[in-house]
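This report describes one structure in plain terms.

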Number of protein chains: 2
Amino acid sequence: MNISSTLQEQAFSDPLAIRAICRNGVWKRETSGTAPGYVQANLAILPSALADDFLRFCVRNPKACPLVGISEKGSPRIPELGLDLDVRTDVPRYRVWKDGEVAEEPTNIRDLWSDDLVAFAIGCSFSFEEALISNGIRLRHVAERHNVAMYRTNIECVPAGPFSGPMVVSMRPLVPADAIRAVQITSRMPAVHGAPIHIGLPASIGIVDIEQPDYGDPTRIMPDELPVFWACGVTPQAIIEAARLKFAITHAPGCMLVTDKPNAALVAF
Amino acid sequence: MNISSTLQEQAFSDPLAIRAICRNGVWKRETSGTAPGYVQANLAILPSALADDFLRFCVRNPKACPLVGISEKGSPRIPELGLDLDVRTDVPRYRVWKDGEVAEEPTNIRDLWSDDLVAFAIGCSFSFEEALISNGIRLRHVAERHNVAMYRTNIECVPAGPFSGPMVVSMRPLVPADAIRAVQITSRMPAVHGAPIHIGLPASIGIVDIEQPDYGDPTRIMPDELPVFWACGVTPQAIIEAARLKFAITHAPGCMLVTDKPNAALVAF
């Protein structure tokens with residue numbers, strides 16, 4: 001057994017180990033299911049000239065863009081999320097955006113890093129899904145091993161500078177009693193999207209065809225279930241794309257930044 | 001201005017004053033809107049031989065029968081709800097049940113009281129409605145000044161001794177965002193029915209025709225609203241009626257026991 005395969009085994013429980021095998025280029029795929037119990041984050045890296053606008057955008061749209069960490073200008077470190085953590089290498093795969101298009105999907109951004117960049121770590125629904133599952137709530141997309149269904153809504157984010165556009169939401173079908181319990185559980189986790197923003201009437205938030213998600217995979221809704229909608233961390237990525245910035249970097253879909261912060265540390269009360 | 005009319009004015013803000021004008025027989029009608037900020041309770045008075053069963057019934061069905069107070073056998077006092085409080089006189093109107101039928105509706109039960117009786121005070125939705133309204137949530141039945149719509153469900157209460165039967169629920173139509181906020185608010189008030197027990201799919205809980213409530217008045221549901229259902233304090237009264245007890249006393253509908261306990265004291269966290 002070589003060092004990499006030992007680390008891969010550890011990675012399923014240890015955030016430090018998964019960051020290590022991301023850093024050495026061994027782990028290049030989705031992080032779902034790794035390091036259970038620890039916060040995984042959406043990543044956005046922007047030139048400093050845009051960082052203030054983006055920071056205000058996050059503050060104004062806390063349900064879609066709940067900040068769990070932010071670097072100093074030019075520093076690839078976010079110590080509160082992991083002392084060793086390096087945003088240039090610790091995500092399995094990145095998206096490099098040029099003029100609003102994905103230019104490449106590298107496994108590290110060492111060569112692209114500069115003293116002018118600022119990194120934003122934004123909460124992710126994995127944290128609250130873990131809380132739902134540990135409360136006995138079955139999530140169909142998890143059981144069926146496909147991506148959560150996500151939709152653009154008619155809910156406009158509060159703009160800041162060049163950043164504006166609709167909120168993207170994720171949808172999980174739940175029987176009403178579980179939907180009520182899910183409101184209780186996720187209300188306690190405002191740093192990872194918090195309470196649902198909508199239940200039951202997709203047309204009210206501009207979703208025309210629930211069977212046709214804009215991102216992710218369709219999820220069946222049974223006759224005894226309601227669709228429950230949470231603000232989604234895809235929002236900031238969609239907003240960055242829509243702003244057609246000259247240059248930006250994000251994580252590739254599903255390839256999250258795995259942190260040392262326990263999910264339990266995000267529970268508000 | 002005589003003493004009674006002064007007390008009637010005070011009664012709109014002071015629980016002690018409304019109990020006083022109930023006690024002297026001046027106030028004989030519904031208590032809704034009086035003594036805002038204070039807990040009003042459903043009342044059930046039973047012979048001691050049935051009190052243990054009823055107590056276990058309440059404990060087993062805390063959402064429908066949240067106990068806020070219980071007397072000692074033979075004592076008409078529940079000091080934790082008001083030092084002067086006397087369950088023989090302090091409710092505007094009572095229902096005396098004989099063999100499962102309403103035998104009379106007196107304004108006091110002084111002559112019916114005995115050393116063998118036990119009084120149960122059970123939380124009421126007025127407390128959480130006040131919390132919803134103070135959070136800016138509009139309740140249509142309040143705005144339109146009619147009774148809340150209530151329904152028998154197919155949810156069986158957990159039985160105890162002779163007490164068994166279906167849960168009765170109250171329904172308030174809310175837009176989804178308000179429904180989510182209402183879950184948050186009422187989750188914090190377990191002593192007054194707590195979180196909703198159902199949202200959105202009345203047939204799932206055995207409600208065939210939402211326009212035909214079993215108790216109270218119909219409430220319109222707009223196309224952008226969901227019906228939200230809470231366990232209701234009418235449940236214990238319906239259960240007592242169904243048990244066809246030889247003798248029992250309850251409050252008359254809407255004529256609640258007004259207590260000195262602030263609604264705020266029921267907020268769990």
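Helices (H or I, at least four residues) and strands (E, at least two residues) are DSSP runs, numbered from the N terminus. The model is a predicted one, in which local features need pLDDT of at least 70 and side-chain atom pairs count only at pLDDT 80 or more, while totals for chains, interfaces and linings use all residues. Residues are numbered from 1 along each chain as its sequence is written, and chains are lettered from A and ligands numbered from 1 in the order in which they are written.

**A covered helix**

After helix 2 of chain A comes Gly25(A), which has a positive phi near 85°. Helix 2 spans residues 15-23 of chain A and is mostly covered, with seven of its nine residues buried. A residue is buried if 20 or more other C-beta atoms lie within 10 Å of its own, exposed if 12 or fewer, and partly exposed in between, with C-beta atoms placed from the backbone. Among the buried residues of helix 2 of chain A are Pro15(A), Arg19(A) and Cys22(A).

**The sheet of chain A**

Two strands pair if DSSP finds at least two bridges between them. In chain A, four strands make an open sheet with the order 6-7-9-8 and antiparallel pairing. Strand 6 (149-156) and strand 8 (198-199) of chain A are its edges, each pairing on one side only. Strand 7 of chain A is largely enclosed by the rest of the structure, because nine of its nine residues are buried.

Five bridges link strand 6 of chain A to strand 7 of chain A, and six link strand 7 (residues 166-174) to strand 9 (residues 226-231) of chain A. The table gives some of the facing residues.

| Residue | Residue opposite |
|---|---|
| Arg172(A) | Val228(A), in strand 9 of chain A |
| Leu174(A) | Leu226(A), in strand 9 of chain A |

**Two domains in chain A**

Domain bounds come from an automatic or database domain assignment. For chain A, this assignment gives domain 1 (3-125 + 241-264) and domain 2 (128-236). The C-alpha centres of domain 1 and domain 2 of chain A are 22 Å apart. Residues are in contact if their C-beta atoms, placed from the backbone, lie within 7 Å. By contact, 22 residues of domain 1 of chain A meet 25 residues of domain 2 of chain A. On the domain 1 side, helix 3 of chain A gives the most, with six residues. That side of domain 1 of chain A divides into 13 nonpolar, five polar and four charged residues. Here Ala, Val, Leu, Ile, Met, Phe, Trp, Tyr, Cys and Pro count as nonpolar, Asp, Glu, Lys and Arg as charged, and the others, Gly among them, as polar.

**Between the chains**

**The core**

A nonpolar core is a set of buried Ala, Val, Leu, Ile, Met, Phe, Trp, Tyr and Cys residues joined through C-beta atoms within 7 Å. The largest such core has 160 residues, and those with the most contacts inside it are Ala121(A), Val169(A), Ala121(B) and Val169(B). Leaving aside residues up to four places away in sequence, Ala121(A) touches residues including Ala41(A), Val68(A), Ile78(A) and Leu257(A).

Terms used
Contact = placed C-beta atoms within 7 Å.
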